[in-house]
Amino acid sequence: MSSHDDTETYVEGERLGVPALLEALTDVIERARSMPMSSSVLVNRNEALDLLDELREALPSQLSRADEVLSDADQVLQDAHVEAENLITTARERAAELVNAEQVVRQAEVHARELIAHAEATVATLRHEADDYCDRRLAEFEIDLGKVLAQVHAGRDKLAERLGEPREKESFE
């Protein structure tokens, strides 16, 4: 956490998300002092590094939710398999005791197959939702990074213009 008063990354006890941290980092860069006779600026290293550390902490927490959803989907499938196996075992034991054993076993196996099919459909849905969630979060992050990059380029262009020096365009692709 930076000791600089202008970069407060908590709001009423809650940590800010990735977009707010990116805004704070942009603010640090925009407030940076220009170096005379150069397009370079002096950035408060501790302040910028603190914000980058917080960004590193924020990203995994948002992506860990997607991991939890995937983990839950795997657990649902595992539980369904266990339940299906237990149901088949119970049905087989009961069938041995009953005169009409064949019909009971068939019903249990059909029910077990239905449970497994339902569990597999649930897992597929949860996995798709988790992948979609991850994709949306990454797309938002990509947009935010693009905005920050555009602001940095605009700031550097403005500084180069002020200094009367042409600035070479950089590519990060």
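Between which two strands does the loop that holds Ser-38 lie? Ser-38 is in the loop between strand E3 (33-34) and strand E4 (41-42).

## Basis of the model

This is a predicted model, in which local features need pLDDT of at least 70 and side-chain atom pairs count only at pLDDT 80 or more, while totals for chains, interfaces and linings use all residues. Residues are numbered from 1 along each chain as its sequence is written, and side-chain values use heavy atoms, with hydrogens and water left out.

## Overall architecture

The protein contains three helices and four strands. Helices (H or I, at least four residues) and strands (E, at least two) are DSSP runs, numbered from the N terminus. Read from the N terminus, the order of elements is β-β-α-β-β-α-α.

Of the 173 residues in the protein, 24% are buried; buried denotes under 20% relative accessible area, exposed over 50%, and partly exposed in between (1.4 Å probe, protein chains only). The accessible surface of the protein is about 12300 Å², and carbon and sulfur atoms account for 53% of that area. Accessible areas come from the Shrake-Rupley method with a 1.4 Å probe, and for residues only the protein chains shown count as cover. Among contacts (heavy atoms within 4.5 Å) between residues at least 6 apart in sequence, 63% join residues at least 24 apart.

## Surroundings of Ser-38

A polar atom of the Ser-38 side chain lies 2.9 Å from the backbone nitrogen of Ser-40. When neighbours within four places in sequence are set aside, Ser-38 is in contact with Leu-163 and Glu-165.

The largest nonpolar core has 11 residues: Val-18, Leu-21, Leu-22, Ala-24, Leu-25, Val-28, Ala-48, Leu-51, Leu-55, Ala-58 and Val-148. Helix H1 (18-30) and helix H2 (45-97) each contribute at least two residues to this core, and H1 provides the largest share, six residues. A nonpolar core is a set of buried Ala, Val, Leu, Ile, Met, Phe, Trp, Tyr and Cys residues joined through side-chain atoms within 4.5 Å.

H1 comprises 13 residues and reaches 18 Å from its first C-alpha to its last, close to the 18 Å expected at 1.5 Å a residue; the expected span is 1.5 Å times one less than the number of residues. The buried residues of H1 include Thr-26 as well as Val-18 and Leu-21.

## Glu-30

Glu-30 also belongs to helix H1. Glu-30 is exposed, with a relative accessible area of 56%. Glu-30 and Arg-156 are separated by 126 residues in sequence, and their C-alpha atoms are 9.7 Å apart in space.

Definitions and conventions
A polar contact is a pair of N or O atoms within 3.5 Å; within protein, one must be able to donate a hydrogen and the other to accept it, and residues adjacent in sequence count only if both atoms are side-chain atoms.
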